Amino acid sequence: MSGAIQAPRGTYDVFGDQARARVAVEQQARQLLEAAGYERIETPAFEATDLFARGVGAATDIVQKEMFSFDDGGGRSMTLRPEGTAPVCRSYVEHGMHKRPQPVKHWYFSSFFRHEAPQAGRYRQFWQIGAEAIGSDDPAVDAESILLLAELLESLGVREVRLRIGSLGAPATRAEYRAKLQDYLRAHEGGLSEEVRSRIELNPLRAFDSSHPGTRTVMEKAPRLLDSLAAEDRAHFDEVLGMLQAAGVTYEIDTTLVRGLDYYTRTVFEFSSDALGAQSGVGGGGRYDGLIEQIGGAPTPGMGWAAGVERIMLAAPPMPVAAPALDLYVAYAKPELRGQAFKLTADARKSGHSAQVELAGRSLKGQLKAAGRAGARYVAIFGDEGTALKDMESGEQRLVDPAAVLHHIGHPL
Ligand code: ATP
Ligand code: MG
């Protein structure tokens with residue numbers, strides 16, 4: 001016999017206080033986003049691998065080394081979703097959502113999968129709250145989207161939050177800039193880390209993310225994309241910043257902000273928390289005006305973000321979680337009375353009360369203890385002398401007509 005089976009590396013179980021705290025986070029997100037007109041969306045946990053290869057970008061870390069891919073049994077490659085934006089865009093195209101009033105706004109609370117080295121704040125299955133607004137390139141969409149994440153993090157009490165924001169401009173500007181940066185990197189190859197040097201061709205912008213001291217020195221003087229933006233992209237960016245200022249959002253402009261997904265154009269942003277350790281990114285996003293076309297739809301602008309639920313919960317004070325109320329616990333003295341006990345429990349639930357019945361064959365004394373532990377307001381006891389109702393607050397107990405128990409425990413709110 002081998003030992004007990006455990007959850008896979010980089011995954012975890014959610015139960016008890018954790019489960020309740022997570023529901024509180026989800027409810028807060030739902031309230032805030034639905035009040036802003038975002039509707040819930042659920043997409044499948046896996047998609048055609050091609051969606052991510054084309055959408056997220058073949059050169060990205062996610063596609064190069066972080067995807068859990070498998071054959072669907074018919075020779076087609078599938079991948080557990082590593083992120084939510086490409087699937088939501090796929091759904092927009094597949095369901096002809098361009099026919100609805102634009103932008104179409106969706107939010108999700110879903111789990112995602114990345115093959116990474118597990119550590120604090122980094123898992124192989126993790127949860128994200130995400131919001132996507134598709135179909136308008138108005139800078140107001142960018143500003144509102146960022147504002148909503150700022151409000152969500154604030155309402156959850158996430159500590160020491162910083163917002164960095166930048167703009168990547170149009171794809172043509174980025175391509176031109178990319179070539180310029182590659183020239184610069186090649187000219188300073190000696191100072192770069194092995195990894196950055198090996199990716200000059202494939203992904204030169206990631207050099208800004210490197211923590212290697214030599215690379216950082218080189219990058220201090222590297223040309224900045226923000227300085228090469230076309231006039232209309234610069235104007236778009238300035239309008240976004242203006243609206244954020246008007247809404248009182250504090251931000252820092254970051255000329256080196258590069259996100260790990262290829263689909264971004266124009267606005268990009270990231271919220272981090274100094275209360276977290278190395279894994280300080282709480283959430284981020286940006287505009288992805290080329291993504292829908294990339295996955296086979298008509299050219300359609302989009303804007304969105306995703307925030308990590310584990311990191312939110314690490315950086316926020318524990319959510320106040322009220323133990324669920326229990327109106328009635330139904331106890332019985334002997335197995336012959338179980339049928340009556342079950343009937344009362346079912347009737348209580350039907351009339352809107354929370355009710356539990358003894359499920360472990362405890363003695364009557366044990367059942368009363370269990371009722372106390374469960375926080376029951378009343379206990380109905382089916383015994384040899386009839387049915388008693390105990391008020392757990394006053395300790396008072398009296399015999400009642402079993403048919404009148406629900407009348408005695410009052411009406412639910
Ligand atoms: P990081 O730089 O930490 O790898 P990322 O750029 O890969 O983050 P995104 O793809 O933008 O992250 O995802 C948005 C958010 O999802 C992150 O800010 C983070 O809070 C969370 N996140 C990303 N990967 C993981 C993971 N493996 N485990 C837990 N949370 C994660
Ligand atoms: Mg990552």
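Predicted model: local features only at pLDDT ≥ 70, side-chain atom pairs only at ≥ 80, totals over all residues.

Around ligand 1 there are 15 residues, and the closest of them are Arg114, Glu116, Tyr123, Arg259 and Arg311; a residue is taken as near when one of its heavy atoms lies within 4 Å of the molecule or strand in question. Residues are numbered from 1 along each chain as its sequence is written, chains are lettered from A and ligands numbered from 1 in the order in which they are written, and side-chain values use heavy atoms, with hydrogens and water left out.

By class, the shell around the ligand is made of four nonpolar, five polar and six charged residues, where Ala, Val, Leu, Ile, Met, Phe, Trp, Tyr, Cys and Pro count as nonpolar, Asp, Glu, Lys and Arg as charged, and the others, Gly among them, as polar. Which elements supply at least two residues each of this shell? They are β6 (125-134), β10 (281-287), β11 (302-308) and α11 (309-315), and β10 gives the largest share, three residues. Helices (H or I, at least four residues) and strands (E, at least two) are DSSP runs, numbered from the N terminus.

Now the polar contacts, meaning pairs of N or O atoms within 3.5 Å; within protein, one must be able to donate a hydrogen and the other to accept it, and residues adjacent in sequence count only if both atoms are side-chain atoms. Oxygen atoms of ligand 1 lie 2.8 Å from a polar side-chain atom of arginine 114, 3.0 Å from an N or O atom in the side chain of arginine 122, and 2.9 Å from a polar backbone atom of glycine 281. Taken alone, ligand 1 exposes 580 Å², of which the protein buries 84%, with accessible areas coming from the Shrake-Rupley method with a 1.4 Å probe, and for residues only the protein chains shown counting as cover.

Let us turn to the sheet. Five strands form an open, mixed sheet in the order β13-β12-β14-β15-β16, where two strands pair if DSSP finds at least two bridges between them. Because β13 (355-357) and β16 stand at the edges with a single partner strand each, one side of each is left without a neighbour in the sheet.

Strands β15 (residues 386-391) and β16 (residues 397-400) run antiparallel and are joined by four bridges. Lysine 390 stands opposite glutamine 397 in β16, and the partner of alanine 388 in that strand is leucine 399. The hairpin of β15 and β16 has five residues between the strands, and glycine 395 takes a positive phi near 80° there.

Finally, the backbone details. A cis peptide bond, with omega about -5°, joins glutamine 102 and proline 103, and proline 103 lies in the loop between α4 (85-94) and β5 (104-113). Glutamate 160, although not a glycine, has a positive phi of about 50°, and its place is in the loop between α5 (139-155) and β7 (161-167).
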